[in-house]
Amino acid sequence: MTTEFPPTSRDAPATPGILLAGGLARRMGGGDKPMRRIGGRTILERVIARLKPQCDGLILNANGDPSRFADFGLPVIADTVENFPGPLAGILAGLDWAAAHRPDVAWVLSAAADCPFLPRDLVARLHHARADQDAQLAVAASDGQSHPVIGLWSVTLREELRHALVVEDVRKIDRWTARYKLATVEWPTKPLDPFFNANTMNDIAEAERLAALDGG
């Protein structure tokens with residue numbers, strides 16, 4: 001009798017992570033959402049702590065003055081196409097960075113920098129599903145809802161993504177991923193949804209409660 005073990009990040013190919021921090025917290029009065037604090041730590045600190053053990057290096061996608069993130073010790077890259085706000089532009093920036101600086105890697109993980117409770121098996125399960133389904137992309141889901149900003153992206157698709165952004169004016173991630181074979185991986189939402197993101201001040205209050213469920 002053989003025992004099945006869940007995949008771990010050690011089973012996955014080397015995968016840099018791009019943390020998408022491009023959006024301004026307009027519903028919180030402006031500023032960078034990932035810099036809001038939950039339980040004494042910034043949301044970005046929590047995201048880094050979750051993904052650093054899983055990823056082969058992390059980079060931060062943010063526009064504007066990169067020095068505001070200097071304390072985190074991560075490379076900060078801006079969008080590589082102009083006037084294309086939104087996560088697809090950040091994902092493309094991550095793929096461009098990987099092509100230039102990490103030609104040894106084939107995949108990049110993207111994650112929203114305002115999701116403080118990301119799963120500890122995120123990279124491993126996405127890679128496992130991608131390989132098992134022979135998919136070109138893989139995204140996370142919970143409670144029946146896809147979270148396409150959190151996913152695995154093939155570096156080989158970066159020029160197709162650039163064309164979609166610049167020539168076709170594609171902005172929605174779902175519209176672009178619909179062109180490819182996509183693996184969707186579902187996570188449970190008990191005791192909490194690992195893809196909870198903080199968009200409003202009420203969300204920050206809820207995140208304080210969830211942090212206690214998540215171990216502080």
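Two strands pair if DSSP finds at least two bridges between them; helices (H or I, at least four residues) and strands (E, at least two) are DSSP runs, numbered from the N terminus. The model shown is predicted: local features need pLDDT of at least 70, side-chain atom pairs count only at pLDDT 80 or more, and totals for chains, interfaces and linings use all residues. Residues are numbered from 1 along each chain as its sequence is written, and side-chain values use heavy atoms, with hydrogens and water left out.

**View 1**
Seven strands make up an open sheet of mixed pairing, in the order S5-S4-S1-S6-S8-S7-S9. Strand S5 (76-77) and strand S9 (182-187) lie at the edges with a single partner strand each, so one side of each has no neighbour in the sheet. Helix H2 (residues 87-101) packs on the sheet and touches strand S1 (17-20), strand S4 (58-61), S5, S6 and S8. Contact here means heavy atoms within 4.5 Å. The direction of H2 makes about 150° with that of S1; axes are lines fitted to C-alpha atoms, for helices over the stretch in contact, and angles run from 0 to 180 degrees between N-to-C directions.

Six of the six residues of S6 are buried, so the strand is largely enclosed by the rest of the structure. Buried means under 20% relative accessible area, exposed over 50%, and partly exposed in between (1.4 Å probe, protein chains only). Trp107, Leu109 and Ala111 are buried on one side of S6, and Val108, Ser110 and Ala112 on the other. S1 pairs with S6 in the parallel sense over four bridges, and the bridge partner of Leu19 in S6 is Ala111. Strand S6 (residues 107-112) is also joined to S8 by four bridges, and these two strands run antiparallel. Along S8, Val108 has Trp153 as its bridge partner, Leu109 is opposite Leu152, and Ser110 is opposite Gly151.

Strand S8 (residues 145-154) is mostly covered, with seven of its ten residues buried. Strand S7 (residues 137-142) runs antiparallel to S8 and is joined to that strand by five bridges. Ala141 is found opposite Ser146 in S8. The two strands form a hairpin with two residues between them. Asp143 counts as exposed, at 65% relative accessibility.

In helix H3 (residues 122-132), the buried residues are Leu122, Val123, Ala124, Leu126, His127, Ala129 and Arg130. Their cover includes helix H1 (43-51), S6, S7, S8 and S9.

**View 1. The loop between H4 and H5.**
Asp169 lies in the loop between helix H4 (158-166) and helix H5 (173-177). Phi of Asp169 is near 60°, a positive value in a residue other than glycine. Asp169 is partly exposed, with a relative accessible area of 44%.

On a 1 Å grid over the protein atoms alone, a pocket is an open set of points where a 1.4 Å probe fits, with protein on both sides within 12 Å along at least five of seven lines; lining residues have an atom within 4 Å of a point. The lining consists of Arg50, Phe117, Pro119, Arg120, Trp187, Pro188, Lys190, Pro191, Leu192, Pro194 and Asp214. These residues divide into seven nonpolar, no polar and four charged, where Ala, Val, Leu, Ile, Met, Phe, Trp, Tyr, Cys and Pro count as nonpolar, Asp, Glu, Lys and Arg as charged, and the others, Gly among them, as polar. The peptide bond from Lys190 to Pro191 is cis, with omega near 0°. Pro191 belongs to the loop between S9 and H6.

**View 2. Helix H6 and the segment after it.**
Ile204 is part of helix H6 (residues 201-213) and counts as buried at 9% relative accessibility. Gly215 lies in the segment after H6 and is exposed, with a relative accessible area of 69%. The C-alpha atoms of Gly215 and His128, 87 residues apart along the chain, are separated by 27 Å.
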